[in-house]
Amino acid sequence: MPIPWPNLLDHILAFSPGDTGELRAYFAPGRVNLIGEHTDYNGGYVLPAALTMGTWLVVRPRADRRLRFATTFSHHVVEVDADDVQFRPEQDFANYPLGVIDVLGRRGVEAPGMDLFFFGNLPIGAGLSSSASVEVVTAFAINDLTGAGLDRESLAVIAQQAENEFVGVNCGVMDQFSVAMGKKDMALSLNCLTLAYELVPVHSEGYRLVIANSNAPRKLAGSKYNERRAECEAALAVIKRRFPDVQALAEIEPSQWSEVEALLRTEGAPGFEAEVVVRRARHVIMESHRAREAARLLADGNIEAFGELMNASHRSLRDDYEVTGEALDALVEAAWSAEGCIGSRMTGAGFGGCTVSLVRDDAVEAFTNHVQAAYQRATGRSPSFYVTDIGDGVHALPALDA
Ligand code: NG1
Ligand code: MG
């Protein structure tokens with residue numbers, strides 16, 4: 001039984017006692033991005049991996065056109081008509097699956113009436129893609145129930161579209177793609193411009209990935225995220241005057257940097273400080289290069305060099321992109337000074353949320369103790385740790401016979 005809650009079936013049956021169809025179960029993971037941060041919406045490389053933590057969805061088709069949503073974390077049941085799907089703030093978390101239902105509908109895949117019961121073990125809003133996990137598991141389930149025959153890539157793009165257009169979060173495609181396409185013990189090297197990807201075995205025998213949640217609020221994440229996107233667009237507009245074929249900032253190679261830097265400094269981007277735009281562009285261009293390089297190092301088993309790139313990524317996010325903040329810097333500095341830590345960086349959008357560290361197997365316990373104490377001294381907060389395994393992307397589970 002893959003579902004880790006003992007009384008869960010009772011909850012589900014209380015919510016959906018119907019006898020109109022069998023209960024089907026699905027799972028979508030969260031993801032951790034190993035390197036390549038704030039590159040996805042700039043058409044660059046990312047290197048995420050799917051987690052074994054994630055979102056379970058149990059769904060029962062209904063004879064009528066009602067859509068009913070429930071979760072373990074709220075007693076509130078959201079209920080709407082399948083022919084009247086709209087964003088409504090009071091629908092709360094159900095806006096994510098409703099967004100997917102809306103986008104699928106606009107693409108000609110009509111969802112049946114359903115009872116949908118969601119539960120999961122990802123920290124919410126911490127940079128581990130709880131939202132993409134909910135979106136992708138919904139898209140996968142409806143595709144399965146309707147026999148629509150969409151492939152995983154299309155499901156990822158549909159889920160991203162739901163987040164962009166329905167929920168109103170202007171994110172890149174990394175999260176949905178890794179949740180849909182992830183594979184056990186593999187990282188996903190994805191070019192976010194072309195969506196070309198490669199699964200790279202993580203040869204990390206003797207090492208563990210340790211995620212540390214700062215438990216600090218991500219207050220600025222939304223507003224600063226959009227500000228960074230605007231700064232990057234401003235940089236791209238200037239660059240396009242000299243390089244008209246460039247569609248995305250991350251297409252610029254590190255070897256072109258000095259020319260691009262001079263261009264940005266002399267021309268300036270209207271409404272932005274030249275120095276700021278230079279730093280944002282430098283981060284994106286170098287980070288995308290690091291993410292591509294990191295995939296190669298991982299495939300070669302060159303863990304030490306991989307760790308160095310993780311550290312360089314964090315420094316660039318701290319100094320050039322300015323999205324780390326006190327809590328994440330404190331966690332990473334603590335990790336850097338810990339015995340047995342090969343590399344450490346913030347992961348996700350920043351301003352709170354999580355860090356990811358590569359730690360020698362035999363040093364994990366000492367590592368978490370050290371980071372816990374140092375972080376608490378620096379910030380007065382206590383972190384949570386997840387010693388993670390890399391799991392599979394979205395999949396169906398055996399039907400629950402009730
Ligand atoms: P997180 O922090 O997991 O929400 C966000 C974006 C990603 C990507 C990263 C930065 C959302 C939902 N996702 O991730 O697309 O841009 O920041 O690399 O906003
Ligand atoms: Mg999210």
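Trainee: What covers the buried residues of helix 11?

Mentor: The cover includes strand 9 (207-213), helix 10 (325-336), strand 10 (341-347), strand 11 (354-360) and strand 12 (384-388). The model is predicted, and local features need pLDDT of at least 70, side-chain atom pairs pLDDT 80 or more, while totals for chains, interfaces and linings use all residues. Residues are numbered from 1 along each chain as its sequence is written, with chains lettered from A and ligands numbered from 1 in the order in which they are written. Helices (H or I, at least four residues) and strands (E, at least two) are DSSP runs, numbered from the N terminus.

Trainee: Which residues of helix 11 are buried?

Mentor: They are Phe367, Thr368, Val371 and Tyr375. They lie on the same side of helix 11 because they cover an arc of only 90° around the axis, taken from the directions from the helix axis to the C-beta atoms. On the other side, Glu365, Asn369, Ala373 and Arg377 are exposed.

Trainee: Why is Leu128 called buried?

Mentor: A residue is buried if 20 or more other C-beta atoms, placed from the backbone, lie within 10 Å of its own, exposed if 12 or fewer, and partly exposed in between. Leu128 has 29 C-beta neighbours inside 10 Å, and therefore counts as buried.

Trainee: What makes Ser129 buried?

Mentor: Ser129 has 29 other C-beta atoms within 10 Å, so Ser129 is buried. Ser129 lies in the loop between strand 6 and helix 3.

Trainee: Where does UniProt place the feature "binding site"?

Mentor: The unreviewed UniProt entry places it at positions including Leu128 and Ser129; such annotations may be inferred rather than shown by experiment.

Conventions: Two residues are in contact if their C-beta atoms, placed from the backbone, lie within 7 Å.
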